[in-house]
Amino acid sequence: MIRALNLTDEQKLDLYRGLNPTSTSRAEKFQALMDTGMTWDEVMDAYDRYAELDADEDMKATDKATELARWADENYQEEQAAAIKEQLAFFSIIRHRRSGMPR
């Protein structure tokens, strides 16, 4: 919805911040991407790809990261692709099995 507004990219980011005050971390990530010269639409395209991969419950985090990296490398300049990989990272939670040793 924000994409369709007749605003500058910075105004769109400010509006996003205002609409999502609890998502300051995500807005900071978007700002970091825009700092590499990406437009708001390019940032949203990257985030859409990230969200699509993140929603795929059949993929492991490492596979998601690999696919996002491949996509970023194919679609963006080197600095922008590196920022996408850094700002839109996937995390996996690894459960560690207790060794049976007493606490």
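**View 1. Phe30 and Trp40 are both buried.** Buried means under 20% relative accessible area, with exposed over 50% and partly exposed in between (1.4 Å probe, protein chains only). Phe30 has a relative accessibility of 1%. The model is predicted: local features need pLDDT of at least 70, side-chain atom pairs count only at pLDDT 80 or more, and totals for chains, interfaces and linings use all residues. Residues are numbered from 1 along each chain as its sequence is written, and side-chain values use heavy atoms, with hydrogens and water left out.

**View 2. Phe30 and Trp40 form an edge-to-face pair.** Rings of Phe, Tyr and Trp (its six-membered ring) pair if their centres lie within 6.5 Å; planes under 30 degrees apart count as stacked, over 60 as edge-to-face and the rest as tilted. The count by this rule is 7 aromatic pairs. The ring centres of Phe30 and Trp40 are 5.9 Å apart, and their planes stand at 90°. Phe30 lies in helix α2 (residues 24-34) and Trp40 in helix α3 (residues 40-55), so the pair ties together parts 10 residues apart in sequence. Helices (H or I, at least four residues) and strands (E, at least two) are DSSP runs, numbered from the N terminus.

**View 3. Phe30 also pairs edge-to-face with Tyr47.** The distance is 5.4 Å centre to centre, with 75° between the planes. This pair links helix α2, which holds Phe30, to helix α3, which holds Tyr47; the two residues are 17 apart. Tyr47 is buried, at 19% relative accessible area. One aromatic cluster takes in Tyr16, Phe30, Trp40, Tyr47, Tyr50 and Phe90.

**View 4. The largest nonpolar core has 25 residues.** Such a core is a set of buried Ala, Val, Leu, Ile, Met, Phe, Trp, Tyr and Cys residues joined through side-chain atoms within 4.5 Å. Phe30, Trp40, Leu68, Ile84 and Leu88 touch the most other members. Two or more residues each come from α1 (9-19), α2, α3, α4 (61-75) and α5 (78-87). Helix α3 gives the largest share, 7 residues.

**View 5. Leu88 is in contact with Leu33, Ala46, Tyr47, Tyr50, Leu68 and Ala83.** Contact means heavy atoms within 4.5 Å. Neighbours of Leu88 within four places in sequence are left aside.

View 6. Along the sequence the pattern reads α-α-α-α-α. Of its 103 residues, 34% count as buried. Among contacts between residues at least 6 apart in sequence, 47% join residues at least 24 apart.
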